[in-house]
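Colleague: I have this model open and would like to learn how to read it. Could you take me through it feature by feature?

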Amino acid sequence: MTFHGNKAVPEKQEITFLYKSHELPKSTQKEQQYEQLNRVIRQYSNEPGQLIRILVKAQEIFGYLPEEVQAYIAEKTETPVAEVNGVVTFYSLFATEPKGKNTLNLCLGTACYVKGAQELMNALKDRLGIDEGETTPDQLFTIRSTRCIGACGLAPVLMVNEEVHGKASINDIDKIIEKYRGKGEHFENSQH
Amino acid sequence: MNILKIRSIEDLKAIKTKYHPLIKQRLGHSNGLGLTQILVCSGTACSSSASQALLLELEKEIKLRGLENNVRLIKTGCFGFCQHGPIVVVHPGEIFYCRVKPEDAKLLVEAHLVNGKIIEKLLYREERTGAKTSQIAELDFFKFQKRIVLSNCGVINPEDIREYIARDGYFALAEVILNQNQEQIIDIIKKSGLRGRGGAGFPVGKKWELTAMQDVTPKYVVCNADEGDPGAFMDRSILEGDPHSVLEAMAIAGYCIGANKGYIYIRAEYPIAVNRLETAIKQAQKYGLLGENLFNSIFNFDIKLRLGAGAFVCGEETALLHSIMGQRGEPRPRPPYPAQEGLWGKPTLINNVETYANIPVIFRKGWEWYYGHGTATSKGSKVFSLAGKIKNTGLIEVPMGTTLRTIIFDIGGGIPGNKKFKAVQTGGPSGGCIPEKYLDLPIDYESLKETGSMMGSGGMIVMNDDDCMVDIARFYLEFTQDESCGRCTPCRVGTKRLLEILKRITAGNGEMEDLEILEELSYDIRDASLCGLGQTAPNPIISTLRYFKDEYIAHIRDKTCPAGVCKNLLEFVINEEQCIACGLCAKVCPAGAITRDPKQTYRINPEKCVKCAACMAKCPKQAISKGTVRPNKEVITDGATGIFTGSDSQEERATL
């Protein structure tokens, strides 16, 4: 199973695009991220009950919440690691695995479900060859499902990153994947 | 810009006088302003259908023709007619345009604004009569509604506090701070008969009284905007269309119970609502309507936002409080109620968005007026979101006591595609499915409960003959099982077992005993769970078992799915007479299950078929149909539509 087709894109280029790290050696980039995180912690830690907000910001900085970051936040905010991890694993917003460049978030709320969202989900999985919650090996797409984003009038709804696509069809899915996959890069249909 | 803080009713009146003419024109008074106003819906649904791009295009076109002094473009909240968005309304004249695309901007400006012609093709065509209509009030969708809570949605710009003040906003807050005491406020709310709109319908006045009684400080006011029910978007639309009504109500609540701090707990999935709220809070602070010494009194009140991180259980009040405090959103046993021990162990008043949005209206128009709407036990109006198999999906508001038939058929326009109405699901995963025989039931808290469903927050999902009720029950259980926080065993383990049984039934492996187990387990979970999530999780099963038991029996005994949804119980066949042997189906089949013997038509091998329905979609002659499998493998079909025609006799058909 290959996801790059004939014209494989070097992995490095992807990462460059993702983190804009081309000018920075890796360690410096990490230092900068922790510097940002320190500022967030300083800003919020004297107010009670801001752990969730700190975690949200941390996820914005790092893209996801690896154990290392969780432990760091726990230490800085003088909270038990167990508590931080407990919160991270409780809420579906937090990811402990890195996400792909584009998140395809399909609404599986009731309104979308009765309008055929499950079939769209099957098509998505089929087209990308991954399961829900997983990321394609080339780090381009992550499939997720969400519970009702409240745009039920447009059911079924597919969110690509922050963009909402209403009344989505299987045809649209192909177009969207094509669009976000960038130019010249072709997936092979993963099934069979 | 230096803004004078508002300190008295006179200050409010000054702003109202200045902005009222604009609003008056939008309400249909042609008062010779010499101004055209274009209202563009900027709710989530219309924004998703490119209303923001349209707004930019319109702005460009207006500038291009030098009309910017005579034309004002205004962003509004949701009109409710989401199916036909983006919505544009032009005043004077109240011309209602729908499905306006960014490409239509030029036409709209040129034909309507410059030449004064109404654009036929952008008008809404009433399906019932076939007539095109340009007036909001004439549309069936709006005719049967009574907008109380939503009276500002689609009228004012939610990002401009002055327009809210021009609609008598913050006058109620001024009135209570300057002229009323705790007892009077509680008395008014009690007399109005307002009940909590979050689902359970607890009397609001009583809740306020209980919190006000506590002799502990500080106290907190919390707004529950964690609208997690799939298919519900009332709260989101109120926050997007009229955020100040919620802020004003929270300040009134703070004054009444003696709190100085309020929190709004809102889902992170609602970015537009979060933005509007942030803007609204900033503006209110700037105008001195939130902050210190409101209206020159000693009363201070401020509001903060807290974002939910995606957990359905956080809609439960004790779980929500834990989440605001930055912890895992798990519920705890009550009592003590939040009114006694809430945030950081202090008395906390929690109401949901729609409940708060009712408060300013009650003070503005008087409790007597409010009490005059609704039924004996449920006063006022209720906002519902219509979704599913219905022509006009969207947001509506009707007085309590309106029948389901009016909502679904008069306002909603009925079921699309000449299909038959089967059931309406209310109350989300905590509610139940209401069958056709209750269509004429006037709905309020009590009547819905009697049918085995509940008001819930107000989501209504309409289902037709293509929806399998066993599968719907499975869908909801999958949801609640996934969202169960794991704190108490009946919910954590019980919902899992329920789901397993339902999965077994939809896969065709169910047994008749399963029905008894389902029922027994459902009641046990209902009685033994810690919080509302678990206590109501079995409702979708209990209600479908009550009204659609024959569908369960069809799945178990006859191994058929009457609606043709449950894949394991379906078989795809090619009608030899219709088949033209074009071979498209064989090409598209991912499993290689379609083959052809020489000189014959194509056949589907049931052993290999994965039931993806790809062939059915591809067939140019609609020769492929899905039927239900009988124990003896005889396939029953009803033409290309594949509708179940009954097992043996007419009597055995599902009485829907």
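Modeller: Gladly, and let's begin where the chains meet: 32 residues of chain A are in contact with 37 residues of chain B, contact being C-beta atoms, placed from the backbone, within 7 Å. This is a predicted model, where local features need pLDDT of at least 70, side-chain atom pairs count only at pLDDT 80 or more, and totals for chains, interfaces and linings use all residues. Residues are numbered from 1 along each chain as its sequence is written, while chains are lettered from A and ligands numbered from 1 in the order in which they are written.

Colleague: Which helix gives the most to the side of chain A that touches chain B?

Modeller: H6(A) does, with four residues. Helices here are DSSP runs of H or I with at least four residues, and strands are E runs of at least two, numbered from the N terminus.

Colleague: How do I read a sheet?

Modeller: Strands of a sheet pair through backbone hydrogen bonds, either parallel or antiparallel. Here, two strands pair if DSSP finds at least two bridges between them. In chain B, five strands form an open, mixed sheet ordered E12-E11-E15-E13-E14. Its edge strands, each pairing on one side only, are E12 (394-399) and E14 (432-435) of chain B.

Colleague: In which sense do E11 and E15 of chain B pair?

Modeller: Parallel, over four bridges, with E11 covering residues 381-388 and E15 residues 459-464 of chain B. Within E15(B), Ile461(B) is the bridge partner of Ala387(B).

Methods:
Two residues are in contact if their C-beta atoms, placed from the backbone, lie within 7 Å.
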